[in-house]
Amino acid sequence: MTRPSLLCAALSLALLPVVSAAAQDNSQSLPWQSVTELQQSMDAGKLNTKTLVRDDLTRIHRIDQSGPALHSVLELNPDASKIAAQLDAKRTPSHGPLYGIPVLLKDNIDTGDRTLTTAGSLALVEAPAPKDAALVTRLRSAGVLILGKANLTEWADFRSSHASSGWTGRGGQTRNPYALDRNPCGSSSGSAVAVAAGIVPVAVGSETDGSIICPASMNGIVGIKPTLGLVSRSGIIPISHNQDTAGPLARNVSDAATLLTVMAGSDPNDPATADADKHATDYTKFLDPNGLRGKRIGVVRQLAGNEPNADRVLEEAIAAMRAQGAIIVDPVTLPHLSELSDPEMTVMLYDFKNDLNNYLAGRKGLHMKTLADLIAFNQREAAVEMPWFGQDLFEQAQNKGPLTDKVYLDALAKAKQLSGPDGIDAALQQGHLDALLAPSWGPAYLTDLVLGDHIVSGNPTIGGVSQPAAVAGYPSITVPAGWAHGLPVGIVFFGTKWSEPALISIAYGFEQHTHAWQAPKFLDTVDGKPVAFGK
């Protein structure tokens, strides 16, 4: 499959000067350095942003466009090297923690530059977005270099119920760097893979239900799904204003907390963020290596028992937490868990039509103005947009009425009440808990373009481990916890609204005593052979 959007990437590489010997020597360690380590190197004069961008572009050419061909990067900012030089010239000793750090954004986040924002669809390639999303404005103000856009599951995995996560009409299929025939999970697939593969130290994804937590877990990295309203959604292609939020992806909790600190804050264009400034803080203050000590953590066994590798890793994680002084309450019952799926889907279908139509109305230069226009486009361009799966979710959403419908209002009230006050909050209060704990979905499944995703699930009335926090609009965080046949397996912590400080402290304490992360080997299959990097 051709990838015309990457022509600008090839152009950027062609215009780069030859990489120096010193840069080539340093490139072996740069991909795995943390944000803190990169800043230390830049402060010491051993590295600058221009060199870092050059290294990133070279790595993208070698492992994303060729070699393992991860297809995690959808489009590169053609002005990246120019911006890097400008940032280097303006660098001061009092720079912020993300100053000069290249970051990739999921391709549903608007940027008012020469890169497109398309949700991976060929329907939106006519013109770039008119301005930066609010969170992008915050990133640029902090000196972050927007390197480009990451691939995703097209339309954030809300086009078809039989989609293959990580596939888009623009970018093809993103691959898991631990075993290339395995799926990266979605919908923030490219963002997670780019971080896991050492292309960038951090990236921004978005989640409606699982789209940060699942790809982070299956690609062996950290993902934070913030409280709904902590991070602005203005300028992000929506699914549901009742569940959507952007969030950070990183290889460690510290980098994720650093990125969240910059992203968080109120935005007058997003009413949900009215209280964000009251709660947003420097989340790196909660990076306590003894963050587990004395914490009461409840194990939600209803979300376990579906995948043996995930269950084994969960037990190992519980033992590690107990050894570090955590008080494990096991089991904890999460009320109404089996009652969330139906009202959640009803709300998302209604919201998608309403929210997407509102978003498209503000995108200048596009012929696509409504969901109905997109459905017609996909039908006309079925050969390139629907070679593997259709658009049944689009069609179901199109058939929904206004947000004043009683069916919608009843579903919304039920979903929020049962997931939040009567669900997560009730469980936390009953056990006097700081957080809840669940296993991830398990190791990555094989990519199957014909039949779609094969995510392991137990009771069909219960969604994934991400669902309770996603529906409630509460925060969750996943961290690497173990391994199964060379594939990473994570665990998920979640809690009540605005509980990011506690979750970050717990996750960091766990990370610092388990050190579960390992770099990918880019195997062709589990127990297979490493795929050679491109030239």
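I began with helix α4 (residues 49-65) and helix α5 (residues 80-90), which pack at an angle of about 155° with their axes 8 Å apart. This makes α4 roughly antiparallel to α5. I noted that angles over 145 degrees count as roughly antiparallel, those under 35 as roughly parallel, 65 to 115 as roughly perpendicular, and the rest as oblique. The contact is made by Thr49, Lys50, Val53 and Leu57 of α4 with Ala80, Ser81, Ala84, Ala85 and Asp88 of α5. By class, the residues of this contact of α4 with α5 divide into five nonpolar, two polar and two charged.

I recorded the terms behind these entries. Axes are lines fitted to C-alpha atoms, for helices over the stretch in contact, and angles run from 0 to 180 degrees between N-to-C directions. Helices (H or I, at least four residues) and strands (E, at least two) are DSSP runs, numbered from the N terminus. Contact means heavy atoms within 4.5 Å. Ala, Val, Leu, Ile, Met, Phe, Trp, Tyr, Cys and Pro count as nonpolar, Asp, Glu, Lys and Arg as charged, and the others, Gly among them, as polar.

**On the model.** The model is predicted: local features need pLDDT of at least 70 and side-chain atom pairs count only at pLDDT 80 or more, while totals for chains, interfaces and linings use all residues. Residues are numbered from 1 along each chain as its sequence is written, and side-chain values use heavy atoms, with hydrogens and water left out.

I next looked up helix α13 (residues 341-361) and helix α17 (residues 406-431), which pack at an angle of about 130° with their axes 8 Å apart. That angle makes α13 oblique to α17. I found that α13 passes α17 in a left-handed crossing, the term for a near helix turned anticlockwise from the far one by less than a right angle, with clockwise being right-handed. From α13, the residues Pro343, Thr346, Val347, Tyr350 and Asp351 meet Val407, Tyr408, Ala411, Leu412, Lys414 and Ala415 in α17. The contact of α13 with α17 has eight nonpolar, one polar and two charged residues.

**The whole chain.** I counted 19 helices and 13 strands in the protein chain. Its C-alpha trace spans about 60 × 55 × 50 Å along the principal axes. A compact globule of 535 residues would have a radius of gyration near 24 Å, and the 21 Å of the protein chain agrees with this. That radius is taken over C-alpha atoms, and the globule rule is 2.2 Å times the number of residues to the power 0.38. Of the 535 residues, 60% are buried; buried means under 20% relative accessible area, exposed over 50%, and partly exposed in between (1.4 Å probe, protein chains only). Among contacts between residues at least 6 apart in sequence, 77% join residues at least 24 apart.

**Two residues in one loop.** I compared entries for the loop between β11 (435-439) and α18 (467-472), where Leu451 is found. Leu451 is exposed, with a relative accessible area of 58%. Leu451 and Ala163 are 288 residues apart in sequence, yet 7.8 Å apart in space, C-alpha to C-alpha. Gly442 also has its place in the loop between β11 and α18, but Gly442 counts as buried at 0% relative accessibility. Leaving out residues up to four places away in sequence, Gly442 touches Met218, Glu307, Ala310, Pro488 and Val489.

**A buried proline.** I located Pro226 in the loop between β7 (222-225) and β8 (245-250). Pro226 counts as buried, at 0% relative accessibility. Beyond its neighbours within four places in sequence, Pro226 is in contact with residues including Val231, Leu260, Tyr474 and Glu500.

Most residues other than glycine have a negative phi, and most peptide bonds are trans. I therefore listed the exceptions that I looked up. The peptide bond from Gly186 to Ser187 is cis, with omega near 10°, and Ser187 is found in the loop between β5 (172-173) and α8 (189-196). The bond from Asp330 to Pro331 is also cis, with omega near 0°; Pro331 lies in the loop between β10 (327-329) and α13. His71, not a glycine, has a positive phi of about 55° and is found in the loop between α4 and β1 (73-76). Asp527 has a positive phi near 60°, lies in the segment after α19 (500-514), and counts as exposed at 66% relative accessibility.
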